[in-house]
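Please look through the sequence and the structure shown below before reading on.

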Amino acid sequence: MNCQRFENVVSELARGQMLAAEQRGEALAHSETCEKCAARLRDEEMLTRGLQSLAAEMETLGAPAAVESKLLEAFRTRHVVTPIASRRSNASYWAAAIAAMLLIAISVVVFRWSNSADEPREVVKQTEPQATPENKVPENKPAEQFTAGVQEHEDLLPQRVKPKRVRNSGVRPASAQLANHVNNEIATDFIPLSYMSAASLQEGGQIVRVQLPRSALANFGLPVNMDRYNERVKADVLFGVDGRAQAIRFVQ
Amino acid sequence: MTNGLNWRMNLKSDLSDSELLRSMLAGDEEALALLYRRRQGGIFRFALQMSGSKTIAEDVTQEVFLFLMREGHVFDPARGSVSAFLMGVARNHVLRRLRVEHLLAPLGDDSDDDAPFLHPSSDLCPLDDLTRAETIESVRKAVLSLPSKYREVVVLCELQDISYGETAEILGCAIGTVRSRLHRARALLLEKLRPVAAVEETGSATVRCFA
């Protein structure tokens, strides 16, 4: 063994943790022939004894008893408080559930009451504007100009195959229903244009009767009779208070 | 009451650390008490030897077991023993505390006035000339003056007598790293325990021969 290899194992040797008896023998033999390595070994052994003395001195040290008491107290508190907390949380869940049910019940009552109160106003608001001459489509104006607004938004329709039917009775003006009965006209429901929501149809407005090419039916996903393809079809366009076309229905 | 508690604890004294931890997490106070009494000494001493402060050691010991109460379920037996887990938690707390209190700066440094407690290498053992108390005090100071990565391997392997393998688990490094750090740490300790005069004479703090 040379000094370099001795240096690599001297710590282990001094700590009594030599790996193999043969290696230990070689290291000890080298320290007997090399004074410097012998001194190095003595230093390491001295250090080992110093560390062992320090370890022995501190061996009996431990945390004060107060630490254990605090920990056990914390443990008890933790395991006693938790069930109480869970009971409280259960109670709060029940309270929240009851409150939610009450809120829903009140909302339903208020909603029904407000609907019943609004119905007469809607009838008044959506008075039949069709009868007035100024609202009629001028004869010299082509009907296409009314459909232009419809067609320019048709690509925004979410589904072109099926027309979106407005099932809310408030959407269809009461006057229109009356007209259907009187004139024996058959009409589709109002089909909202793509930028309009069903709710906005309830704001009222003016209905203008127009004539459109029959191909316009296809734009709204309605069936088209190809035998009468060149004929025109009647339609009612509902204009909002802002003058924009909100919905359309086809009349036969 | 106390006798009853001790009797029940005696029954559980044969349980392993893992079993005690499981019982503790299930709400068994005696399991906590047993585990604490079994492991608090090592943790307290580790923290004390790392920090040199009893206050920090007490706080760390308490924090380790409070952590065990809160987060004990994160212990994975496949990754090591409970004692290694606890020591790893203690190590994190100590290092964090030392960072906060700016105690990581070496106490002695190279120009330490308290350093020359040991004589240079000679036929006589340098420690022979010192009283035991002085020796212990000088070694303690030298250990405290080591950089933390060397101090922790000295504390764990030399003072706590923990195996290289378990030390590697605690520190989260390879066994070879533990060995090399310990070797370097011992060299540093010898330098610190060597008298300044001897260092000036030889011109080097490390005595090596490469015959």
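## A buried pair between chains

In this predicted model, both B:R186 and A:E44 are buried. These two residues form a salt bridge, with 2.7 Å between the closest N and O atoms, and the pair crosses between chains, running from helix α9 of chain B, where B:R186 lies, to helix α3 (residues 35-58) of chain A, where A:E44 lies. Side chains of opposite charge can pair when their charged atoms come close.

## Partly exposed pairs

A second salt bridge is made by the side chains of A:R76 and B:E29, at 2.8 Å from N to O. Because A:R76 lies in helix α4 (residues 65-125) of chain A and B:E29 in helix α3 of chain B, this pair also joins two chains. A:R76 counts as partly exposed, at 40% relative accessibility, and B:E29 is likewise partly exposed, with a relative accessible area of 25%.

Within chain B, B:R140 forms a salt bridge with B:E137, and the closest N and O atoms are 2.8 Å apart. These two residues stand three residues apart in helix α6 of chain B, so about one helical turn separates them. Both ends are partly exposed: the relative accessible area is 26% for B:R140 and 29% for B:E137. Elsewhere, salt bridges that share partners join A:E7, A:R15, A:R40, A:E44, B:E158 and B:R186 into one network. Over all chains, the structure holds 18 salt bridges.

## Where the two chains meet

The contact between the chains takes 45 residues from chain A and 53 residues from chain B. The area buried between chain B and chain A is about 4,400 Å², and carbon and sulfur atoms give 65% of that area. Six salt bridges are counted between chain B and chain A; one of them pairs B:R179 with A:E12, whose closest N and O atoms are 3.8 Å apart. Across this interface there are also 13 residue pairs in polar contact, counting pairs with both residues at pLDDT 80 or more.

On the side of chain B that touches chain A, at least two residues each come from α2 (17-25), α3 (29-51), α4 (54-71), α6 (132-144), α7 (148-159) and α9 (175-193) of chain B. Of these, α3(B) gives the most, with 11 residues. The residues on this side of chain B divide into 29 nonpolar, 14 charged and 10 polar.

## The build of chain B

Chain B has 10 helices and zero strands, and read along the sequence its pattern is α-α-α-α-α-α-α-α-α-α. Of the 211 residues in chain B, 47% are buried. When contacts in chain B between residues at least 6 apart in sequence are considered, 63% of them join residues at least 24 apart.

Notes. Residues are numbered from 1 along each chain as its sequence is written. Chains are lettered from A and ligands numbered from 1 in the order in which they are written. This is a predicted model: local features need pLDDT of at least 70, side-chain atom pairs count only at pLDDT 80 or more; totals for chains, interfaces and linings use all residues. Side-chain values use heavy atoms; hydrogens and water are left out. Contact means heavy atoms within 4.5 Å. Buried area is the accessible area (1.4 Å probe) that two parts lose on being put together, summed over both. A salt bridge is a side-chain nitrogen of Lys or Arg within 4 Å of a carboxyl oxygen of Asp or Glu. A polar contact is a pair of N or O atoms within 3.5 Å; within protein, one must be able to donate a hydrogen and the other to accept it, and residues adjacent in sequence count only if both atoms are side-chain atoms. Helices (H or I, at least four residues) and strands (E, at least two) are DSSP runs, numbered from the N terminus. Ala, Val, Leu, Ile, Met, Phe, Trp, Tyr, Cys and Pro count as nonpolar, Asp, Glu, Lys and Arg as charged, and the others, Gly among them, as polar. Buried means under 20% relative accessible area, exposed over 50%, partly exposed in between (1.4 Å probe, protein chains only).
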